[in-house]
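Please work through the exercises below with the sequence and the structure open beside you, and try each task before you read its solution.

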2 protein chains.
Amino acid sequence: MFLNDWGLGMGYPSAATTTATVRPPPSEVLDRLSRVSGDRGHTGLARRLSELMLFLREDLGSFEASFGEKLETGDVVRDSAAHLLVRGGKRMRPLCVMLASRVGEGFDDRGVDLAVAAELVHSATLLHDDVVDLGDVRRGAPAARTVFGNAASIFAGDWLLIEALRRVRRAAVPGTLGSLLDVIDEMIHAEALQLESRGRLDVDREGWLQVVEGKTASLFRWVMLAGANAGGLSAEHAASLEAYGTDIGVAFQAVDDLLDLTGDADATGKALFADVREGKMTWPLIVALERAPEVAVDLAAIAGSPPGASVDSAAAGRVLEAVKRTEAIADCRTMAEGRIASAVARLDTLPDTPATRALATVAAAVVERRS
Amino acid sequence: MFLNDWGLGMGYPSAATTTATVRPPPSEVLDRLSRVSGDRGHTGLARRLSELMLFLREDLGSFEASFGEKLETGDVVRDSAAHLLVRGGKRMRPLCVMLASRVGEGFDDRGVDLAVAAELVHSATLLHDDVVDLGDVRRGAPAARTVFGNAASIFAGDWLLIEALRRVRRAAVPGTLGSLLDVIDEMIHAEALQLESRGRLDVDREGWLQVVEGKTASLFRWVMLAGANAGGLSAEHAASLEAYGTDIGVAFQAVDDLLDLTGDADATGKALFADVREGKMTWPLIVALERAPEVAVDLAAIAGSPPGASVDSAAAGRVLEAVKRTEAIADCRTMAEGRIASAVARLDTLPDTPATRALATVAAAVVERRS
């Protein structure tokens, strides 16, 4: 299997280095993941995730308290941002900052600022993406743009981006501000690539990877660097963690792509084929098309159906059948698991701390998630 | 008159501190302004503007050479940005950085980066504003969004914002990065205020000022601060220059408002009543409505007409007649001239340098411009 068997032994030591007085909320994602893992019989993973949740209980509390400062309302732009932010999210990126910094000297107030910044950048991209893709639903609720309008969502995204940069500046951790500006630049260029291939079916694996490395993996890479630098790790250790971030980022997107075809719309908040209807080719569809080119006609019909209309169910059925026949889901899962194995291998060069072991658990959880 | 009579004496000394090898392009705005001033018989101002152009010839060349680096094309987002950037602009904000830094120790490479950053932030807001307002024309050409799509313009605005911040970070002039993040935050909140009052006619002078200080004046304030700090001026002198920036920013917007009613569409690139049709109340209309409330009906009709449709010419005629009858144009001009007088008075506390005197010329030019 892809996951090193190095468990978490007797559980984690207490991780309290901050004095948050708020009640730490249960981390929705870990909770959900641990249930999924339990359901599937991965009791080892479920147990380790529960332990991880306990380990990071206070860190998550500090994060939520600080993140909550941005939930102020008062004008249409803040309201638009708050509409998205109150709906939580998986907090994958903050979690990565926490663990990376804990591989080093720990997660302090500077780490909190970096974790909040990462989640704000992620949220900013969601706000702008929903305007660009005319997305109606986000996190199981109406997208902010449908409630407060496109204009408010555009400015709300701008605002969160600026807030994120202010946090990183305040944290003043060496190497984090310049690298975040570079990463946002990468994210924007990946969006450009994606825009240009919109509605085109000729995207290949390499093209997919180029977009995903820029759009998704780059921010995962940054959170690992930010945490590493906040924790005072060496450049070499930081580089290993960055490589880990790129790997889990690519795997994370691959699982997202799977969920577009196999996911439960109630859990993901997304309709079936939502990605391809936004003009984005997913890994399983690239593989299916590569192995069964005749599926192009049906795929084009689905990609071409207007956002409001329902998908042609006969065409959808034939595409799903081709996906099954070509083992495209298995191919996608194998690719994701390969990246997770690579991510876990990167950890070998790091000091063996509870946080290092927790990063292996997080990597495993990435390919087990259902939403 | 509002302008101190302190002329420019024997012309400016040479201002070359950078070794730009490109041919400095004529500064379109100063050229145009100096023609306007000449036409109107302000030959003194015209002469001083010509001298100013000569004084800043090399600075403007350095600016354009550095700014041109961002004119790269290659993907739809860069193309979208370049489409706007190649069309030039008035370069008011870079000019302010040049002069403020020349009141101090001079305009060097750090100053160039700050000047480019200011123009990029300004350009980013234009790209996002055109998406928000569904603007079709910008700088006399089709708006980028009509050529490359809204999505590309949204990401292009994001990109220019990030590029601006990278430049400011590279310049590493104390006090400039944090203050620019604060200013962009102010600009976004002013956009929110404006969105909320969209299509409402009950905006008063105070409400107008609140939006304009955030949306327009804040960046003029920042360019003066940035130039002052790059030039090594004292905090006290920087504060005077910031106040100057706020004043000319407000006056600049007031003149913009005038041009919406009196401007030549060929020169401004904007149709008559464009602002109010985007839901923005302008100062002359606020005054007209205050003094002749019955004009509300016609104004509402104009504000409510769809972007594509032509304005009801009878309604437009009655509104323009009310504007004339209530002396709303004169009120707006008096307000603008008052702010310019205030701006010029701020300069009294500064060292008497050629750049200080040039700032008085720039202030005078703000209320003389026709586009």
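The exercises that follow concern a predicted model, and each task is followed by a worked solution.

**Exercise 1.** Work out how chain A and chain B are related, and through which surface the copies meet.

**Exercise 2.** Describe the side of chain A that touches chain B, stating which helix supplies the largest share of its residues.

Solution. Start with the contact itself, in which 28 residues of chain A meet 28 residues of chain B. At least two residues of this side come from each of the helices H4 (76-85), H6 (109-133), H8 (150-171) and H9 (177-196) of chain A. The largest share, 12 residues, is supplied by H9(A). Finally, sort the residues of this side of chain A by kind, which gives 18 nonpolar, 3 polar and 7 charged.

**Exercise 3.** Characterise the crossing of H5(B) and H10(B).

Solution. First consider the axes of helix H5 (residues 92-103) and helix H10 (residues 205-230) of chain B, which come within 7 Å and cross at roughly 35°. The crossing is right-handed. Next look at the contact, where H5(B) contributes residues including Cys96(B) and Leu99(B), while H10(B) contributes, among others, Phe220(B) and Val223(B). The residues of this contact divide into 12 nonpolar, 2 polar and 1 charged.

Key:
Residues numbered from 1 in each chain as written. Chains lettered and ligands numbered in written order. Predicted model: local features only at pLDDT ≥ 70, side-chain atom pairs only at ≥ 80, totals over all residues. Contact = placed C-beta atoms within 7 Å. Helix = DSSP H or I, 4+ residues; strand = E, 2+ residues; numbered from the N terminus. Nonpolar A, V, L, I, M, F, W, Y, C, P; charged D, E, K, R; others polar. Least-squares fit on C-alpha atoms with pLDDT ≥ 70 in both. Axes fitted to C-alpha atoms, helices over the stretch in contact; angles between N-to-C directions. Left-handed = near helix turned anticlockwise from the far one by under 90°.
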